[in-house]
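The structure is shown first.

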Amino acid sequence: MNNQDFIRQSDGLDSKSRYTKSIWRTIHTDPPLLVGISLLCGFGLIVLFSASGGDVPVVRRQALTMVVGLVVMFTVAQFNVHFFRQWAPTLYAAGLGLLGLVLLVGVEANGAKSWLDLPGLPSFQPSELMKFVVPMLMAWYLASRPLPPRFKHLFWSAVMILVPAALIIIQNDTGTAIMVTMSGIFVVLLAGIRWRIVIAGFIALLLASPAWFLFLAQEHQKNRILTFFNPYRDPTGAGYNIIQSQIAIGSGGIYGKGWGEGAQSHLDFIPESNTDFILAVLAEEFGLLGVLFLISLYLFVLARGCYIAYAANDTFSRLLAGSITLTFFFYVFVNMAMVSGLLPVIGLPLPLISRGGTSVVTLFIGFGLLMSIQTHGRSLSI
Amino acid sequence: MAGKWQLKDHEAERELFSRRLVVAGVFVLLLFAALIIKLVNLQVSQYEYFSARSDGNRLHSQYVPPARGLIFDNRGQLLADNQPIFNLTIVREQVGDLDETLDYLDTLIDLSDDEREQFNIRLGRNRVPFSSVPLRYVLSDADKSKVAVNGYKLPGVAIEPQFVRQYPLADLAAHSVGYVSEINRAELDSFDDEERENYGGTNHIGKTGIERTYEDLLHGTVGYEIVEKNNRGQVMRRLDRTDPIAGKNISLYLDSQLQIAAEEALGDYRGAVVAIDPNTGGILAMVSKPGFDPNLFVTGISNKNYSVLVTDEINTPLFDRSTSPYPPGSTIKPFLGLGGLHHGLVDYEFTIEDPGYFRLPGVSYRWGDYTLRTAIGGGHGHTDLQKAIYQSCDTFFYDLGNRMGIDTMHGFMAQFGFGENFAVDINYARTGVLPSREWKRATRNEPWYPGDTINSSIGQGYMWATPLQLATAASIMANKGKVVQPRMLKAIDGEPYQPDIQDPVNDVVVNDADYWRYIEESMSMVVHRAYNDVFREYGTAYAAIAMEDREMPYKMAGKSGSAQVVGISQEILQSEDIQVSDPNKDHALFISYAPAENTNIKPQIAIAVFVENGEHGSSVAGPIAKKITDTYLLDILQIDFAALDSGSDTLVSLVDE
C-alpha cells in the first residue's frame with residue numbers, strides 16, 4: 001500500500017497486539033464473528049430439520065452449503081480488503097455485464113429470470129453478486145471523495161445503485177433489487193449524507209408511494225400491500241400465508257410446542273416453511289424464548305460487525321463493513337417483520353436459518369469481507 | 001484530483017462515521033424492539049386466541065357411523081347383512097375444475113350420465129364442507145386400481161371403504177323386510193336436531209318394511225372421533241374416539257323356509273301370501289309377488305333399473321300386495337255366519353230355499369249367486385249355514401246380511417280386524433274398508449242403501465281387506481276368538497321381544513262358544529267334505545285339496561273366495577265371443593288355518609292367499625294354502641299326526657315347544 005491515506009494511524013491500538021500476531025490473525029479469522037455465525041448455522045439446521053419434517057437429505061444439503069459458505073468466507077478473508085477496493089470498478093462492470101447477459105440468456109426459476117447457466121460453471125445469480133459489489137463500488141467511490149458527500153457525488157452514487165437495481169427489477173426479482181439498493185444506500189448513509197437530504201428523500205418516497213401503488217405496482221404487489229393491511233380480505237388466498245404464519249407464531253406461546261411438535265408446520269399449514277417462513281416454525285416450536293435467542297444471536301453478529309466497522313483503519317473498510325452489517329440486519333429484520341405481520345410479504349429468506357444456496361454463499365462472502373477488514377487492517381498497521 | 005485528497009479530514013470522517021454508526025445501532029435496536037413487541041403481542045397477549053386457531057386448523061371432529069343391526073329370520077338365517085364395499089368419493093372443496101375431473105374419470109372408468117346426475121344430486125344436498133360425496137358405489141377391483149394409479153392427477157378423489165346393507169336372499173321377502181337407501185332431502189328435513197346429529201355419519205336409512213319400521217333399533221348411535229388433519233384434509237392421526245353404538249340385531253318370526261315355500265307355491269302368479277302363527281301372532285311368511293331385488297336400492301338404483309320397476313303397470317313389483325286391500329269376496333262368509341249365530345239371526349236349524357238369486361222386497365234387481373256363474377242354472381236349494389259356508393252360497397248371505405243390517409255387520413266384523421290394522425309393527429299396512437253408514441257419508445257423501453249391505457255380505461261392493469287382515473281374521477277364528485295381534489319382531493339381540501301394545505284389541509266373544517266349533521266344522525268341510533251322491537254336496541275346495549291328497553294327515557279349515565275386479569256384467573263374462581283379458585279376471589282368495597278339529601293340538605298356522613286374477617279361489621288359491629300348511633306342519637314343525645292321534649305325549653310337548 002503506497003497510499004498513506006489508507007494506513008490507519010496506530011494511536012488507538014493496544015501496543016502489545018502489534019507484536020503478538022495471534023493465530024486467528026494469521027489465518028485471517030475473527031473468532032467472535034465465527035462463533036456467532038456458527039451458532040446461527042447450527043440453530044438454523046436444527047430448525048430446518050423440524051421444518052422439513054425430519055428430511056435428513058435436505059438438512060445434509062444445507063449443512064454442505066454452509067460448509068461451502070465457510071470455505072468461501074475463509075478464502076475471501078485471505079485477501080486484503082484493499083485488493084477488492086482496487087478491483088471494485090472492474091467487478092462492478094463485470095457484474096453489470098453479467099446482469100445484461102442474464103437478460104439475454106438467463107434461466108427462469110420461481111418466477112424470476114435471474115439465473116445464469118454458463119458452461120463449465122455452476123448456475124448462479126449475478127444479482128446476488130451485486131449485493132456486495134454495489135456497496136464495494138460505493139465505498140470505493142465515496143471513500144475517495146470528501147465526506148460528507150456532496151450533491152454531485154450523491155447523484156453519481158444514485159446512478160451507480162439504480163442501474164444494477166433496475167436491471168434486477170427487469171429480471172422480476174424485486175426482493176434482490178431492494179437488497180442491492182439498500183446495501184448501496186447504507187454506504188451513503190454511513191458516509192455522512194446530510195440528514196435533511198435523508199429526510200427530504202424519505203418524504204419524497206412517502207409522497208411517491210401512492211402514485212407507485214396506483215400506477216406502477218403490479219397486481220401481486222398491490223395484493224400484498226392490501227393483504228398486509230387486512231389479511232382476512234382473502235383468507236384462503238393472498239392472506240393465507242400470513243394468517244397461518246401468525247397462527248403458528250402465536251400458538252407457540254412463550255415456551256413453544258417443542259422441537260418437531262409444531263402442528264402448523266408439520267401439517268403443512270405454513271407455506272414455504274423451509275424457506276421464507278421458517279421463522280414461523282421456529283416461533284411455534286421454540287416459542288418467544290426461541291425467537292429472543294435467535295435475535296440475541298443476530299444482535300451478537302451485528303454488534304461484532306459494527307465493532308469491525310468502527311475499528312476499521314480506513315474509510316473504505318469502514319463503509320464496506322458498515323454496509324455489509326446493516327444489509328445483514330435489513331435482511332433479518334425484513335424477514336422477521338414480514339413473517340410476523342409487521343411488514344408486507346416480500347420474498348426474502350431468514351439469513352442462515354432458511355434453506356437456500358446462492359444467497360447463503362453471498363452472506364458468507366460478506367462475512368469473509370468483514371473478517372478481511374478486521375484481520376488485514378490490523379496487520380498493515382505494524 | 002489532488003485537491004480533493006487534501007480536503008479529506010480523516011479524523012473528522014471517522015467521527016462522522018462513528019456517529020452514523022451509533023444512529024444506525026439505535027435504529028437497529030428500535031426496530032428489533034418493535035419486532036419483539038409484535039412477537040410478545042402474538043405469542044403472549046394473543047396466545048390463547050392463536051392456540052385455539054391452531055387447534056381449529058388441525059383438529060376436526062368427525063362422525064363414526066354405527067354398524068346397522070342385522071336382521072335374522074326365526075331360524076337364524078340372515079335376511080339383511082352388512083358388507084364392505086369400496087366407494088369412489090369426491091371432496092368438492094379439493095377439486096379444482098369438477099367437470100374436468102369428471103371427464104378425466106370418465107376416460108378411466110366410464111362414468112354414465114346417470115352416475116353424473118346422481119352425483120350432482122348428492123352434491124346438492126347440504127353437507128359438511130370437506131366431506132366426501134360418493135360418485136360411484138361398489139368400485140370394481142379393476143376400476144379401483146385405475147383410479148389409484150392416476151390418483152396424483154385426481155386431487156380430492158378418493159376410494160373409501162364403507163359398510164352397506166346386503167340382502168343375501170335378494171328378492172325373498174323383499175317387501176316385508178324392506179330395504180335401505182340413501183337419505184333423501186325430505187327425510188333430512190324431517191329430522192329433529194338430535195336425529196340429524198345421530199345421522200351425521202350415515203348415508204342410508206330404512207325406506208320400507210322392517211328396515212323402516214325398526215329404523216331406530218337398527219340404526220344405533222353415532223360415534224365421534226377427533227382427528228388431526230393436514231392442510232390437504234388428510235387424516236394424520238386419531239386423537240380421541242367415542243365409539244358408535246351398533247344397531248340392535250333383530251330376529252323376526254319370519255321363517256325363510258316357509259317364505260321360500262310360499263313364494264314357490266304362488267309360482268308365477270301375481271299375488272300375496274300371509275301366514276301367521278295364531279299362538280303368538282308372529283308372521284311366519286309374508287309374500288308379495290312379483291318381488292324385486294332390494295340390493296338394487298342400497299347403493300342408489302339407476303334410473304334405468306328404477307323405471308323398469310315402476311313402469312310395469314301390471315306386475316308392479318314394488319307394490320306390496322300383502323298389505324294392500326282387495327275385495328275379500330266369499331272369504332268373509334264364516335265371520336258373517338258367526339255374527340249371524342251370535343246375533344240370533346240364524347241357528348243351526350235355520351235354512352233357506354235358494355233360488356239362485358236374491359231380491360230385496362219391492363226391488364226388481366236380482367243379486368245373482370256368483371258361485372254358480374259357470375255352473376248349471378238354479379240355486380243351492382235347501383241351505384243351512386254350514387252348507388252356505390262349505391258351498392259358499394251367496395243367496396244365504398245376501399239374506400243374512402240384509403237381516404243383520406250394515407250397523408251390526410260393521411260392529412261384528414270390526415272385531416276381526418276388518419277396516420283396521422291390528423298388526424303391532426306393520427304400520428304401513430293399509431286398513432282396507434269395512435263400510436258403514438258413516439264411512440259412506442264421509443267419503444262419498446251418500447246415504448247407505450240396503451243394496452250396499454247386500455253387496456257387502458259377500459265381501460264385495462265397498463268391502464276391501466288386505467291379505468294381512470284376512471290372515472289376521474283367520475288366526476282369530478283359529479284361536480276361537482282370542483286375538484293375538486300380528487307382529488314381525490320376535491327378539492332383539494337374542495332377547496325375546498314383548499311389544500308394549502298401547503291399545504290392545506279385545507278378544508271376540510260370542511254368546512255360545514260352540515259357535516266356534518260349528519264354524520270350524522263348516523270351514524273344515526270347505527276342504528274336506530267329499531262329493532257324494534247328493535248333487536253339489538261337497539266343499540268348494542275339496543276337489544283341489546283333500547281329493548288331491550287323500551293321505552292328508554291333518555284337517556284344514558278354509559274358505560275360498562273370488563273377487564270381481566271390475567264391474568263387468570254377467571252377460572259379457574258369460575258370452576263366449578268375448579275373451580276376458582287376464583287383468584280383468586277375478587282375484588282368487590283363500591283363507592285357512594290348520595290343524596283344525598284336532599283335540600290334541602291347537603291350530604299352528606293361519607294363512608291368507610291372494611292370487612291376482614287367479615279366477616278361482618278354491619282351485620287356484622286353495623292348493624297354495626295347502627302347500628304352505630304342509631311345509632309348516634310337516635316339514636318345519638314336523639308334527640307326527642299319527643302319533644298324536646295315538647296319544648303320544650312326548651310329541652305333543654315337542655310341538656308346544
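The dialogue below takes up a predicted model.

Q: Where should I begin with chain A, and which helices and strands does chain A have?

A: Begin with the inventory of elements: chain A has 14 helices and two strands. The C-alpha atoms of chain A fill a box of roughly 65 × 50 × 45 Å along the principal axes, and 51% of the 382 residues of chain A count as buried.

Q: What radius of gyration would a compact globule with 382 residues have, and what does chain A have?

A: A compact globule with 382 residues would have a radius of gyration near 21 Å, and chain A agrees with that expectation because its own value is 21 Å.

Q: How is a pair of packed helices described, and what are the values for H5(A) and H7(A)?

A: In general, two packed helices are described by the angle between their axes and by the distance between the axes. Here helix H5 (residues 126–143) and helix H7 (residues 174–190), both of chain A, pack at an angle of about 20° with their axes 9 Å apart. Angles under 35 degrees count as roughly parallel, and H5(A) and H7(A) are therefore roughly parallel to each other. The crossing in which H5(A) passes H7(A) is right-handed.

Q: Which residues of H5(A) and H7(A) meet?

A: From H5(A) the residues include Met130(A), Val134(A), Met138(A) and Leu142(A), and those they meet in H7(A) include Met179(A), Val180(A), Phe186(A) and Val187(A). By class, this contact of H5(A) with H7(A) has eleven nonpolar, four polar and two charged residues.

Q: How many residues of chain A are in contact with chain B?

A: On the side of chain A there are 41 residues, in contact with 38 residues of chain B. The elements of chain A that give two or more residues to that side are H7, H10 (240–252), H11 (263–266), H12 (278–311) and H13 (315–340). The largest share, ten residues, comes from H12(A), and by class the side of chain A that touches chain B has 26 nonpolar, eleven polar and four charged residues.

Terms used:
Residues are numbered from 1 along each chain as its sequence is written. Chains are lettered from A and ligands numbered from 1 in the order in which they are written. This is a predicted model: local features need pLDDT of at least 70, side-chain atom pairs count only at pLDDT 80 or more; totals for chains, interfaces and linings use all residues. Axes are lines fitted to C-alpha atoms, for helices over the stretch in contact, and angles run from 0 to 180 degrees between N-to-C directions. Helices (H or I, at least four residues) and strands (E, at least two) are DSSP runs, numbered from the N terminus. Angles under 35 degrees count as roughly parallel, over 145 as roughly antiparallel, 65 to 115 as roughly perpendicular and the rest as oblique. A crossing is left-handed if the near helix is turned anticlockwise from the far one by less than a right angle, and right-handed if clockwise. Two residues are in contact if their C-beta atoms, placed from the backbone, lie within 7 Å. Ala, Val, Leu, Ile, Met, Phe, Trp, Tyr, Cys and Pro count as nonpolar, Asp, Glu, Lys and Arg as charged, and the others, Gly among them, as polar. The radius of gyration is taken over C-alpha atoms; the globule rule is 2.2 Å times the number of residues to the power 0.38. A residue is buried if 20 or more other C-beta atoms lie within 10 Å of its own, exposed if 12 or fewer, and partly exposed in between; C-beta atoms are placed from the backbone.
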